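Here are a few notes from going through the model. Have a look at it first, then read on.

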Amino acid sequence: MMEKIDLGAVAALLEQEEKWIQEFGRDTYAASFEEYLAENRELWNSFRQLFREETNDEETENAVADVLVNKAKELVDMQNKRITREKTQLNINLYMVSYVFPALLECQEYRQKDGNAGKMAETICRRWKETFPKYAIQYADFDSIKSGFKQKLCYITTAVCQGLHKTQECHELELLKKYRDEYLLKQDDGEAVIREYYDIAPTIVKRMEKEDAPEEKYRYLWEHYLKCCVAMIEAGKAEECRDVYEKMVEELRRQYIITNHKEDM
């Protein structure tokens, strides 16, 4: 089965990271993803043929995961400074989630969620976590990523509001969404801030939901952070709101990302 997939071409996908990350934006993603599929058409066609098999090819599945993980490690290790290594890692993670995984899942006939493409994606994510425990990733399809532009900054906020039995149309959530679209996204570093949130927010929410009393955490976040953000937006203090929101995310990152990582070691 191995001859069906050019592993060299798979490794070369990660060398394209910088180009496509520059194209990753709310207004450019759909077009850039189509271009990405077209530029790598031969490779994706080979995956499409592989996934037509009724049973998954575990040998190829593991080989593809190994190639991607090893190439990512090589690119990260090439960086001399910790800050550039971290930036490279985060950019590769974003590229994997927003381009590689969606393209892989597009190769699955009828986009079956439990098909061979999904199984390969799960294997890649598992190997990624083993190699980069601080930077685990989860796979997503194109539609999920595209729709995510409308909810990224509010991912944690939405979970809190739902946990406190507020509706999707509640005043507070609508106000924060408007703040995201009309203020944050227009800042010079707005896209970069949202990328970082996108990378960690889903994991944070899932880990909060697994706690014995998540509603207590929701109430704490509301009282200490989100209620303050709402008041600041209403008072026209946009930058102050951003500072408070980022403090909340940093606290959650330390508790649910870094702490969980240490417990796994």
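**Notes on the model**

1. Confidence first: mean pLDDT (the predictor's confidence in each residue, from 0 to 100) is 83 for the chain, and 88% of its residues reach 70 or more. This is a predicted model, where local features need pLDDT of at least 70 and side-chain atom pairs count only at pLDDT 80 or more, while totals for chains, interfaces and linings use all residues. Residues are numbered from 1 along each chain as its sequence is written, and side-chain values use heavy atoms, with hydrogens and water left out.

2. Helices here are DSSP runs (H or I, at least four residues) numbered from the N terminus.

3. Watch residues 261–265, where pLDDT stays under 50. The model has three contacts (heavy atoms within 4.5 Å) for them beyond four places in sequence. Where pLDDT is low, the predicted coordinates should not be read in detail.

4. Now the packing of α3 (residues 29–39) on α6 (residues 82–106): the angle is about 55°, and the axes are 11 Å apart. That makes α3 oblique to α6 (oblique is what remains after under 35 degrees, roughly parallel, over 145, roughly antiparallel, and 65 to 115, roughly perpendicular).

5. Who meets whom? From α3 come Y29, S32, F33, Y36 and L37; from α6, Y95, S98, Y99, V100, P102, A103 and E106.

6. K87 also sits in α6.

Methods:
Axes fitted to C-alpha atoms, helices over the stretch in contact; angles between N-to-C directions. Helix = DSSP H or I, 4+ residues; strand = E, 2+ residues; numbered from the N terminus.
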